[in-house]
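Hi everyone, thanks for coming. I'd like to walk you through one model today, so please take a look at the screen.

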Amino acid sequence: MAFEKEATLLGSKETFKVNPNAKKYTLRDNGFEETKKGNFQLMRTMDTNLLNKQGVKLKIVISDEVKQLKISITTGNGLRPVNIYNGDAYKEIREKVAFTLSDLVERGVLEKV
């Protein structure tokens, strides 16, 4: 998956981009960790049962120049994308994802398009 100026979760109607005012310290202050390549990554388990290793994860990666991003929901091992917007099985997870994304928008990391 390549970096894009705007990104959408699989099955979602909302599109996000990196806030133009976001800086590297903004990302670090909000839980992003710098990767070996210099990009910034945020991984959050979205499962309500924290002991469940098979749950889904929200993964946001922002490029090292803080202009492009990738957003995905993956399986617990991070290998396959998951569409949480199909049916009622992922209702609680959808709420947690929406809360996390709106929090990042509020904190100036992301911006809704």
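Let me start with a question: is E14 buried, partly exposed or exposed? E14 is partly exposed, because its relative accessible area is 33%, and by the rule used here buried means under 20% relative accessible area, exposed means over 50%, and partly exposed is in between, with a 1.4 Å probe and protein chains only.

A quick word on where this comes from. This is a predicted model, where local features need pLDDT of at least 70 and side-chain atom pairs count only at pLDDT 80 or more, while totals for chains, interfaces and linings use all residues. Residues are numbered from 1 along each chain as its sequence is written, and side-chain values use heavy atoms, with hydrogens and water left out.

Now to the sheet. Here 3 strands make an open sheet, ordered β1-β2-β7, with antiparallel pairing. Strands are DSSP runs of E of at least two residues, helices are runs of H or I of at least four, and both are numbered from the N terminus. Two strands pair if DSSP finds at least two bridges between them. At the edges sit β1 (6-8) and β7 (110-112), each pairing on one side only. From one strand to the next, the twist averages 40 degrees. Axes here are lines fitted to C-alpha atoms, for helices over the stretch in contact, and angles run from 0 to 180 degrees between N-to-C directions.

Let's zoom in on one pair. Strand β2, residues 15-18, joins β7 in the antiparallel sense over 3 bridges, and F16 stands opposite K112 in β7. Lying across β2 and β7 is helix α2, residues 91-106, which runs at about 105 degrees to β7; contact means heavy atoms within 4.5 Å.

K112 brings us back to E14. These two form a salt bridge, with the closest N and O atoms 2.8 Å apart. The pair links distant parts of the chain, since K112 is in strand β7 and E14 is in the loop between β1 and β2, 98 residues apart. A salt bridge here is a side-chain nitrogen of Lys or Arg within 4 Å of a carboxyl oxygen of Asp or Glu. Side chains of opposite charge can pair when their charged atoms come close.

How many salt bridges are there by this rule? The count comes to 4. Among them is E34 with R28, at 3.3 Å from N to O. E34 is partly exposed at 45%, and R28 is partly exposed at 43%. Another is R107 with D103, at 3.1 Å between the closest N and O atoms. R107 is partly exposed at 48%, and D103 is partly exposed at 24%.
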